[in-house]
Amino acid sequence: MSFKVLYKSNNVRFVFSLGKRQLLAAFALVIGLTFIAGRSTSPAPDDLASIHYTQSGLIEQQQEVEKLKLATQQQLTGMVMKLGDMQGQLRRLDALSERLAVSSHLSTEEFGFGEEPAVGGPSQAAPDYLVEDSADLLSGIQLMLGEIKDKSRQLEALESIMLSHHVDNQSYLTGRPIKSGWLSSYYGIRKDPFNGLPAMHKGLDFAGKEGEPVIATGAGLVTWAGERYGYGNLIEVDHGDGLSTRYGHNKKIKVKVGDVVTKGQTIALMGNTGRSTGAHVHYEVLRNGRQLDPLAFVSRKSMKN
């Protein structure tokens, strides 16, 4: 059995005579070509989904990168502003340190306040920390850390010097051992108040009301706090450098052996204990165990700060 197939092209007619098997093969070929052509023009749903997934992933990654970039810029801006604040604090520390040095009668040139560390150049203006590049920012941070370290050393040195001055001033014996009262007996030969005979008085007597404060005339360490013959209730303070002071006839002792007392601290209450004729404090100054005339210490001016 055969079939005739008519094909017309450019006004030319062609007639083919095909058998059954040939006709089936022709139909299969036409259907196959049509399917291939359809796939080439219309992607499969799975392929479209894959493309859309990839595109959405790229968009999300781009958004994350943008967020990271924005966050990084914000952090850098914050760091730059913080560095500016730190720079201002350093300048204020310079001003404070300079005032402290002046008040302590120290040379400000010795510390070089307001100048960059001594690395081979004169004083320079504050560096500009408002930078955009991260490498410049890290360089600015490193420079700031160096300045902070240098200022810390300067302040430590200033603190050490001022502390030494403070200790010297505290241990410097000056003034009277009372807050209120009057000088009633001087150092030297005098008539003994009990037997009327000449006797050596190795201190100063300051009279006042019983219970009035007795104060330390200098900072030091309490080496005696208790009763002693002739002195009644006695306090002895070691001020270092061979100097010590004694405070006798107290009504009440307010310190104990081993206590560190400061200049002007109340260490006892005035009394009439021991060999005494009335409320007063017997005040002695000793150097290496030998009594000195306390008047020279009472009347001398305080050490300058």
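**Exercise 1.** Which residues does Ile-267 touch, not counting residues up to four places away in sequence?

*Solution.* Keep in mind that this is a predicted model.
- Step 1: Pick out Ile-267 and count a touch when heavy atoms lie within 4.5 Å.
- Step 2: Leave out residues up to four places away in sequence, and you get Val-214, Ile-215, Ala-216, Ile-235, Tyr-247, Ile-253, Lys-254, Val-255 and Val-261.
- Step 3: Now look at the largest nonpolar core, which has 21 residues. Ile-267 is listed there among those with the most contacts inside the core, along with Phe-206, Val-214, Ile-235, Tyr-247, Val-261 and Val-281.
- Step 4: Elements giving two or more residues to this core include strand 13 (266–269) and helix 5 (295–299). Strand 14 gives the most, with three residues.

**Exercise 2.** Work out why one side of strand 7 and of strand 11 is left without a neighbour in the sheet.

*Solution.* 
- Step 1: Write down the strand order of this open sheet: 7-13-11, with antiparallel pairing.
- Step 2: Zoom in on strands 7 and 13, joined by three bridges. Here Pro-213 stands opposite Leu-269.

**Exercise 3.** Describe the hairpin of strand 4 and strand 5.

*Solution.* 
- Step 1: Strand 4 (residues 188–191) and strand 5 (residues 198–201) run antiparallel and share four bridges.

Technical notes. Residues are numbered from 1 along each chain as its sequence is written. This is a predicted model: local features need pLDDT of at least 70, side-chain atom pairs count only at pLDDT 80 or more; totals for chains, interfaces and linings use all residues. Side-chain values use heavy atoms; hydrogens and water are left out. A nonpolar core is a set of buried Ala, Val, Leu, Ile, Met, Phe, Trp, Tyr and Cys residues joined through side-chain atoms within 4.5 Å. Buried means under 20% relative accessible area, exposed over 50%, partly exposed in between (1.4 Å probe, protein chains only). Two strands pair if DSSP finds at least two bridges between them.
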